[in-house]
Amino acid sequence: MSRKVVLLAVVAAVLAMGMGAAAGPVAAQENATDQEASDELNETVAETQGDYLQEIDSETRITNWEYRPGMFTITLEADAETKVSMTEAGDFEQGTGSFNYDEVELDEGTNTITFAVTDREGAGVAIATRRSLQQGTGAFVSVGQVERNPFRHFGGESGLFSGVLLTTALAGLSAAYVVRSEDSGVIEA
């Protein structure tokens, strides 16, 4: 009798998982993942390290920057009023496409500007002034290659490995049941 109860419990658990009867906790996990993704979008992915100074031309410099997915915030310092041109730069895919471009008037002193870019690995912004273009130079800000967790769709490493562990445990439990239920070993599979 107890064998039948254990068998029925295992079958009920497997069917409940397979048919989505345990969808309540799964939906909660998806909502938690959505919240984590939302938090991740607002999280600073890259920013300046230590004292940072990159000249655009002899009168204009980049003093600070940070990147959040799809948006650069750049602090520029200008010795006089000037106009900067900014364009999306970075790791483009093969083929054709479009990019963002903007021109911003800078006041003398410190200016903070934001610039939207396509959220991709290797995002960057190229910045130039008329003076830097006459010199044949400019400056850029880039996040480099941002590595993302390849297991994030499975709940991270813990979600993936707990799923593998659960699957292996259920397969082992099923194999043990088959072996124990046969009188003299496995006769039929």
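# Strand pairing and salt bridges in a predicted model

User: In this predicted model, which residue of E9 is the bridge partner of Val-125?

Analyst: Strand E8 covers residues 123–129, and E8 is joined to E9 by 4 bridges in the antiparallel sense. Strand E9 spans 139–142. In E9, the residue paired with Val-125 is Val-141.

User: What is the order of strands in the open sheet of 4 strands?

Analyst: The pairing in this open sheet is antiparallel. Its edge strands are E6 and E9, each of which pairs on one side only. Neighbouring strands are turned against each other by 25 degrees on average, direction ignored. The order is E6-E5-E8-E9.

User: How many bridges join E3 to E4, and which residue of E4 is the bridge partner of Arg-68?

Analyst: Strand E3 holds residues 60–68 and strand E4 holds residues 71–78; the two run antiparallel and are joined by 8 bridges. Their hairpin has 2 residues between the strands, and Gly-70 takes a positive phi near 90 degrees there. The bridge partner of Arg-68 in E4 is Met-71.

User: Which residue in E7 stands opposite Met-71?

Analyst: Strand E4 also pairs with strand E7, residues 109–116, in the antiparallel sense over 8 bridges. Within E7, the residue opposite Met-71 is Ala-116.

User: How far apart are the closest N and O atoms in the salt bridge of Arg-131 with Glu-59?

Analyst: Arg-131 belongs to helix H3 (residues 130–135), whereas Glu-59 lies in the loop between strand E2 (54–57) and E3, so that the pair links parts of the chain 72 residues apart. Arg-131 is partly exposed at a relative accessible area of 35%, and Glu-59 is partly exposed at 31%. The closest N and O atoms are separated by 2.9 Å.

User: Is Glu-105, the salt-bridge partner of Lys-83, buried or exposed?

Analyst: The closest N and O atoms of the pair are 3.8 Å apart. Lys-83 is partly exposed, at a relative accessible area of 37%. Because a residue over 50% counts as exposed, the 54% relative accessibility of Glu-105 makes this residue exposed.

User: Which residue forms a salt bridge with Glu-66?

Analyst: The structure holds 6 salt bridges. In the one formed by Glu-66, the closest N and O atoms are 3.3 Å apart.

User: What accessible area do Phe-92, Phe-99 and Tyr-101 have together?

Analyst: These three residues form a nonpolar patch on the surface. Phe-92 lies in the loop between strand E5 (82–90) and strand E6 (101–106). Phe-92 is partly exposed, with a relative accessible area of 39%. Together, the accessible area of the patch is about 340 Å².

User: What share of the 189 residues in the chain is buried?

Analyst: The chain contains 4 helices and 9 strands. It exposes about 13100 Å², of which carbon and sulfur atoms supply 54%. Among contacts between residues at least 6 apart in sequence, 55% join residues at least 24 apart. The buried share is 22%.

Key: Residues are numbered from 1 along each chain as its sequence is written. This is a predicted model: local features need pLDDT of at least 70, side-chain atom pairs count only at pLDDT 80 or more; totals for chains, interfaces and linings use all residues. Side-chain values use heavy atoms; hydrogens and water are left out. Patches are made of residues with over 30% relative accessible area and no salt bridge: like charges are joined within 9 Å, nonpolar side chains (Val, Leu, Ile, Met, Phe, Trp, Tyr) within 5 Å. Accessible areas come from the Shrake-Rupley method with a 1.4 Å probe; for residues, only the protein chains shown count as cover. A salt bridge is a side-chain nitrogen of Lys or Arg within 4 Å of a carboxyl oxygen of Asp or Glu. Buried means under 20% relative accessible area, exposed over 50%, partly exposed in between (1.4 Å probe, protein chains only). Two strands pair if DSSP finds at least two bridges between them. Contact means heavy atoms within 4.5 Å. Axes are lines fitted to C-alpha atoms, for helices over the stretch in contact, and angles run from 0 to 180 degrees between N-to-C directions.
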